[in-house]
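Hi,

Here is the structure I said I would pass on.

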Amino acid sequence: MYLAINVLGIAVFLAAGWLLSHDRKRIPWQSVAILTALNLVIAWVLTSFTWGRAAIEGAAAGFNELVSVAWKGINFALANWVGAEGVDPTPVNFVVSALLPILLVVPVFDILTYIGFLPWLIKWIGWGLSAVTRQPKFEAFYSIEMMFLGNTEALAVSKLQVQRMSPARNVVIAMMSMSCVTASILAAYIQIVPAEFVLTAVPLNCLNALIVTSMLYPVHVPPEEDIIVTYEGVDDSEDADGAQSRAAKEPFFSFLGDSILGAGKLILIITANVITFVALAALINKILGAIWEPLSLESALGVVMYGPALLLGLDTSTAWDMSRIMGLKLVTNEFVAMGQVQPHIGDYARHYQAVLTVFLTSFANFGTLGMIIGCFKGLVDKERNDLISKNVGRMLLSGILVSLLSAGMVGLFVW
């Protein structure tokens, strides 16, 4: 019976995307069907075969190495913030662990853009995924890019692309960004909750982000706009003579200096937005608590999430427990929620371990809204920012639906 409910849940989550769509007539159903089938196969493979998880683990380990190098620079300027030797995997706060590595990650990827490697990679991976999924090239690539870089880093290294895309496509990218994780903290996740389900959630979230955004905010991308921007003034289009247009590159060290300053500015903008969003949530909890002491955003969202928790194939008591954890995660972050379940998750039924861990493995929460909005404010113009701000509700809904779909798909194969 619970398996049948789990299957029904996936159908309901997809139906919610249709029901709440910005433009139902434009939903690319063929693409949605292909992506859904592909993700079900991935969920099956990653819950049944060790080689699939090993591939993801290896890629995450590579990015962890890059972040550990960034900590060396952080330690030189801010001694002991990442341990005396600059290699401590438990930095002192959120800014150090999640944001300061941007000062290395962004310039590294900007250099790869400058020399032409990243544009080449984007072009061909984007083409391959687009051909299979019927998605625009950049959106297809971005779903993979954010799997390991996280939202702020992926947006930062894709700044040339988002600056040239239409405002509507910027909204799609903002919605997709709610569903990622950062590879540099996967190691922290797997110390708290079952590693196999953390690593399974990562690719599922990426493809489900394409599914959900295709339904909630479908955007038609004509062939002439389905291009990959590679450098200032460069794309994969050709001029009338058949030659690829290319602006003169600025000197390398001038380019690198601009990249570093841009990364620093981005960190300040994101920090300010996160502080404000989290503080506003705390203020709302104060007000709600004054009205009735047990009332809070977490408890209110827990009531809202009870129905979706039931649809993940859980009994009524377990679904209520999970719904409160889901509400806590949305208001705070995944680390707070994971910390609450860590002492007991080993005793949970395997199906509950799977759906709970997969749901928690994403950045979908109110604080992430602030990070994404702040990041876009540092990257694009007012027109694009205004349209993104008008769709904050859809951004949060996108993150929730992606997490639910991923949890439901994994739940089908784990009992």
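Before the details, one cut-off: a residue is called exposed when its relative accessible area is over 50%, buried when that area is under 20%, and partly exposed in between. K382 has a relative accessible area of 61%, so it goes down as exposed.

Please keep in mind that this is a predicted model. Average pLDDT for the protein chain is 84, and 89% of the residues score at least 70. The stretch to be careful with is residues 232-247, where pLDDT stays under 50. The model does have 26 contacts beyond four places in sequence for that stretch, but where pLDDT is low, the predicted coordinates should not be read in detail.

Now the salt bridges. Side chains of opposite charge can pair when their charged atoms come close, and the count here comes to 8 salt bridges. Three of them are described below.

K382 is a handy place to start, as it pairs with D386, with 2.7 Å between the closest N and O atoms. Both sit in helix α20 (residues 382-390), and being 4 residues apart puts about one helical turn between them. D386 is partly exposed, at 31% relative accessibility.

The next pair is K159 with D110, where the closest N and O atoms are 3.0 Å apart. K159 belongs to helix α9 (residues 159-164) and D110 to helix α5 (residues 102-114), so this bridge ties together parts that are 49 residues apart in sequence. D110 is buried, at 5% relative accessibility, whereas K159 is partly exposed, at 23%.

Then there is R350 with E196, again with the closest N and O atoms 3.0 Å apart. R350 is in helix α18 (residues 350-360) and E196 in helix α12 (residues 195-216), so the parts tied together here are 154 residues apart in sequence. Both partners are partly exposed: R350 has a relative accessible area of 38%, and E196 comes in at 25%.

Which residues of α20 are buried? They are R384, N385 and I388. Looking down the axis of α20, these buried residues fall within an arc of 100°, so they line one face of the helix. They pack against α9, α10 (167-176), α19 (366-377) and α21 (392-411). On the face turned away from that buried side are the exposed residues K382, E383 and K390.

Cheers

Note on methods: Residues numbered from 1 in each chain as written. Predicted model: local features only at pLDDT ≥ 70, side-chain atom pairs only at ≥ 80, totals over all residues. Heavy atoms only, no water. pLDDT = per-residue confidence, 0-100. Contact = heavy atoms within 4.5 Å. Salt bridge = Lys/Arg side-chain N within 4 Å of Asp/Glu carboxyl O. Helix = DSSP H or I, 4+ residues; strand = E, 2+ residues; numbered from the N terminus. Buried < 20%, exposed > 50% of the residue type's maximum accessible area, 1.4 Å probe, protein only. Arc of directions from axis to C-beta.
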